[in-house]
Amino acid sequence: MDGSHPPPGGQFSPVADKAEAAAGLGDLSVCERVLEHAEQVRGMGRESQTGGWLRFDGPRLPEQRGTCYTQLGKPDLAEMSLQQALSLPVSLRLRGSVLVDLANVGVMRRDVEQTVNYATAAMELTGQSGSGVIARKLAGVNRQLPAAHRRDARLLRLSEDISACLAIERSSL
């Protein structure tokens with residue numbers, strides 16, 4: 001399958017996968033082209049889409065843009081997209097995922113307040129939603145906290161809280 005047509009049942013998202021792959025490879029231009037294509041298809045209306053092919057219905061496109069820009073190390077672009085995603089009605093799991101990405105933006109900027117505030121809000125949603133996805137993304141935040149900045153008591157506490165959150169998540173499996 002070449003990815004140009006959605007698969008039956010909409011269980012696979014070639015567009016989202018391509019955007020994430022491009023971001024993971026650090027290719028901003030390809031990532032933006034793929035996301036722009038998704039925006040154009042999304043704008044065609046419901047009759048032109050099948051199920052979750054794009055995985056970009058409603059708030060998913062701004063969230064995906066934000067996630068990709070976070071991976072690409074573009075905090076300003078990421079934050080703009082992620083704030084847009086938060087302004088839309090989203091599930092607890094998606095909101096938690098966006099909050100974790102915003103915490104990562106804080107890490108990139110070395111903004112302790114932003115990192116702590118968003119990561120703490122995401123941890124609260126982990127408990128409410130029972131989402132292992134949010135917990136795993138929080139583990140990524142913990143790995144990104146620079147060792148030198150862990151001397152800050154707030155980041156030390158955050159790291160401990162994330163570790164405790166992950167322990168609870170593992171024990172519930």
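Helices are DSSP runs of H or I with at least four residues, numbered from the N terminus. By that naming, α6 is followed by Gly 130, whose phi is positive, near 70°. The model here is predicted, so to speak of local features a pLDDT of at least 70 is needed, side-chain atom pairs count only at pLDDT 80 or more, and totals for chains, interfaces and linings use all residues. Residues are numbered from 1 along each chain as its sequence is written, and side-chain values use heavy atoms, with hydrogens and water left out.

Helix α6 itself runs over residues 112-129 and has 18 residues. From first C-alpha to last it reaches 25 Å, close to the 26 Å expected at 1.5 Å a residue (that is, 1.5 Å times one less than the number of residues). Buried residues (under 20% relative accessible area; exposed is over 50%, partly exposed in between, with a 1.4 Å probe and protein chains only) in α6 include Val 112, Ala 119 and Leu 125. Their cover includes α4, α5, α7 and α8.

Glu 113 also forms a salt bridge (a side-chain nitrogen of Lys or Arg within 4 Å of a carboxyl oxygen of Asp or Glu) with Arg 154, the closest N and O atoms being 2.4 Å apart. This pair links distant parts of the chain, α6 and α8, 41 residues apart. Arg 154 pairs with Asp 152 too, at 2.8 Å. In total, the count comes to 8 salt bridges.

Key: Helix = DSSP H or I, 4+ residues; strand = E, 2+ residues; numbered from the N terminus. Contact = heavy atoms within 4.5 Å.
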